[in-house]
Amino acid sequence: MNIKKAEIPESYFGEGYQLTSVEKALGLARANSVWPLPFATSCCGIEFMATMGTNYDLARFGMERLSFSPRQADLLMVMGTIAKKMGPILKQVYTQMAEPKWVIAVGACASSGGIFDTYSVLQGIDKVIPVDVYVPGCPPRPEQIIDGVMKIQELVRNEPYRRRYSPEYQHLLEKYQIG
Ligand code: SF4
């Protein structure tokens, strides 16, 4: 898989200087310093381990410093079947992360409950927290997980600086009773 170099933001170049907006500079910095928190409960977590290994090498971005503390992470990666009992814990982990933060639902179970259409399984983590990217598959291949991370990078790079203060974002959090 070919990985692009960090893109130069839209800029005005002069002799010995480059001008761009704070928003674009922030987007570039944030997109290349995403720290994921792996919240793995079952088989998709094993696929994530393969993604971290040398063959697929999630570290290729030079930014995948995994954090097992929500306070030092800004990308929540949820992988595996989430029981309804686990829902409040997942939400607590999410609320402990500082803004700005993003979420990937990795695999069918995290995205929709997968094959487990039962009384005990949460039918998608978006029932309890907002999700930015859904990665399909049961399990998804490592390439798909990497693609999900790259989609997050794209979102992060282009996110307007004021989005987190917008009424739409506040409304989204209120919908999830977070705030
Ligand atoms: S989506 Fe499939 S592989 Fe992933 S946790 Fe669910 S059952 Fe396991």
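**View 1. The shell around the ligand holds nonpolar and polar residues.** Of the residues in this shell, 6 are nonpolar, 5 are polar and none is charged. Ala, Val, Leu, Ile, Met, Phe, Trp, Tyr, Cys and Pro count here as nonpolar, Asp, Glu, Lys and Arg as charged, and the others, Gly among them, as polar. The model is predicted: local features need pLDDT of at least 70, side-chain atom pairs count only at pLDDT 80 or more, and totals for chains, interfaces and linings use all residues. Residues are numbered from 1 along each chain as its sequence is written. The ligand is surrounded by residues including Ser42, Cys43, Thr81, Cys109 and Pro139; a residue is near a molecule if its C-beta atom, placed from the backbone, lies within 6 Å of it. Helix 4 (107–112) and helix 2 (43–52) each supply at least two shell residues, and helix 4 gives the most, with 3. Helices (H or I, at least four residues) and strands (E, at least two) are DSSP runs, numbered from the N terminus.

**View 2. An open sheet of 4 strands has the order 3-4-5-6.** The pairing is parallel; two strands pair if DSSP finds at least two bridges between them. Strand 3 and strand 6 are the edge strands, each with a single partner, so one side of each has no neighbour in the sheet. The twist averages 20 degrees from one strand to the next. Between strand 4 and strand 5 there are 5 bridges; Leu76 stands opposite Val103, and Met79 has Val106 as its bridge partner.

**View 3. Strand 5 is covered on both faces.** In a regular strand the side chains alternate between the two faces of the sheet. Trp102, Ile104 and Val106 lie on one side, Val103 and Ala105 on the other, and all are buried (20 or more other C-beta atoms within 10 Å of the residue's own, all placed from the backbone; exposed means 12 or fewer, partly exposed in between).

**View 4. Val106 belongs to the largest nonpolar core.** This core has 35 residues, and those with the most contacts inside it are Leu76, Val78 and Val106. Such a core is a set of buried Ala, Val, Leu, Ile, Met, Phe, Trp, Tyr and Cys residues joined through C-beta atoms within 7 Å. Among the residues that Val106 touches are Cys44, Phe48 and Ile145, contact meaning C-beta atoms, placed from the backbone, within 7 Å.

**View 5. Helix 6 (residues 167–175) lies largely in the open.** Just after helix 6, Gln177 takes a positive phi of about 55 degrees.

Conventions: Two residues are in contact if their C-beta atoms, placed from the backbone, lie within 7 Å. Axes are lines fitted to C-alpha atoms, for helices over the stretch in contact, and angles run from 0 to 180 degrees between N-to-C directions. Lists of a residue's contacts leave out its neighbours within four places in sequence.
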